[in-house]
Amino acid sequence: GPALMTAVWEGLRTLWHTFLRIRDYRDIARFLLANMLYIDGLNTLFSFGGIYAAGQFGMAIDEVLLFGILLNISAGLGAAAFAWLDDLLGAKQTILISLGSLILLCGGILLVRDKTWFYALGILIGVFLGPAQAASRSLMARLAPADMRGEFFGLFALSGRVTSFLGPMLVGWVTYLAASHRIGMPMILPFLIVGAIILMSVDVRRAEE
């Protein structure tokens, strides 16, 4: 329909209008902040998992590729398997359970020195990665007003990317300065922990009302 520049201008105007009204939707704002942090942690985990495997366990490229494939398959299976939990307990609780499990599993995988245990814990991490991401979209759909769902999903997508450089940058620099992957990778945990704490303050019922 409209010309390109007209569409861009209208989109920017609508986005600015949404930002101005965000104080009226404080629970959505808290969720977007929480999502920004823990998604950064999850993306960094995906990005650096193979690097950690190669650097810490001396895995060859074919082993790293296998690990990546297993991680993605387990994430997909986890997202499908945990759909019932989303229906039973709600998306917020599903995300918190996933993040809590990921924090424990990530702590465990940083301590193991056996490659078999690394594979096993890595697959379990994948199982909880999928639900955390899928339930986040589910929660956004429940929190956003029906007439503003497109706008808030736009902010939701933005919140998952606007700070996407922080996790990799922090892990990269700490790994470089400490000359140790085992010291650098724990920098992912604060993103997951702080994101989970902020998410706890989101009142889903109040937002829906």
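Colleague: What amount of space lies in the largest pocket?
Modeller: This is a predicted model, in which local features need pLDDT of at least 70 and side-chain atom pairs count only at pLDDT 80 or more, while totals for chains, interfaces and linings use all residues. Residues are numbered from 1 along each chain as its sequence is written, and side-chain values use heavy atoms, leaving out hydrogens and water. A pocket is an open set of points on a 1 Å grid over the protein atoms alone, with protein on both sides within 12 Å along at least five of seven lines, and its volume is the space filled by probe spheres set on the points, which are joined across faces, edges and corners. For the largest pocket, that space is about 190 Å³.

Colleague: Which element gives the most to the lining of the largest pocket?
Modeller: The lining (residues with an atom within 4 Å of a point) consists of Asn35, Ile39, Asn43, Gln133, Arg137, Phe156, Ala157, Gly160 and Arg161. Two or more of these residues come from each of H2, helix H6 (115–143) and H7; helices are DSSP runs (H or I, at least four residues) numbered from the N terminus. With three residues, the element that gives the most is H2.

Colleague: How do the residues lining the second largest pocket divide by class?
Modeller: The second largest pocket has a volume of about 160 Å³, and Phe19, Ile22, Ala29, Leu32, Leu33, Met36, Leu155, Leu158, Ser159 and Val162 line it. H2 and H7 are the elements that give two or more residues to this lining, and H2 has the largest share, with four. The division is nine nonpolar, one polar and no charged.

Colleague: What volume does the largest cavity have?
Modeller: A cavity is a set of points where a 1.4 Å probe fits but cannot get out. The whole structure has one cavity of 30 Å³ or more. The space in the largest cavity is about 150 Å³.

Colleague: Which residues lie nearest the centre of the largest cavity?
Modeller: H2, helix H3 (61–81), helix H5 (91–109) and H6 each give two or more residues to the lining of this cavity. By class, the lining has twelve nonpolar, two polar and no charged residues. Of the 14 lining residues, those nearest the centre are Leu45, Gly49, Ile109, Ile125 and Met185.

Colleague: Of what kind is the ring pair of Tyr25 and Phe152?
Modeller: Rings of Phe, Tyr and Trp (its six-membered ring) pair if their centres lie within 6.5 Å; planes under 30 degrees apart count as stacked, over 60 as edge-to-face and the rest as tilted. By this rule there are ten aromatic pairs. In the pair of Tyr25 and Phe152, the centres are 5.4 Å apart and the planes stand at 70 degrees, so the pair is edge-to-face.

Colleague: How many residues apart are Tyr25 and Phe152?
Modeller: Both residues are buried, that is, under 20% relative accessible area, whereas exposed means over 50% and partly exposed in between (1.4 Å probe, protein chains only). Tyr25 is in the loop between helix H1 (4–21) and helix H2 (26–57), and Phe152 is in helix H7 (residues 149–159). The pair thus links distant parts of the chain, with a separation in residues of 127.

Colleague: Which residues do ring pairs link into a cluster?
Modeller: A pair of aromatic rings is described by the distance of the centres and the angle of the planes. Ring pairs link into a cluster Tyr52, Phe57, Phe67, Phe118 and Tyr119.

Colleague: Which residues of H8 are exposed?
Modeller: The buried residues of H8 are Gly167, Val171 and Thr175. Seen down the helix axis, they fall within an arc (of the directions from the axis to the C-beta atoms) of 50 degrees, so they line one face of H8. On the other side, the exposed residues are Trp173, Tyr176 and Leu177.

Colleague: What relative accessible area does Ala179 have?
Modeller: Ala179 is found in the loop between H8 and helix H9 (181–184). Ala179 has a positive phi of about 55 degrees although it is not a glycine. The residue is exposed, with a relative accessible area of 71%.

Technical notes. Ala, Val, Leu, Ile, Met, Phe, Trp, Tyr, Cys and Pro count as nonpolar, Asp, Glu, Lys and Arg as charged, and the others, Gly among them, as polar.
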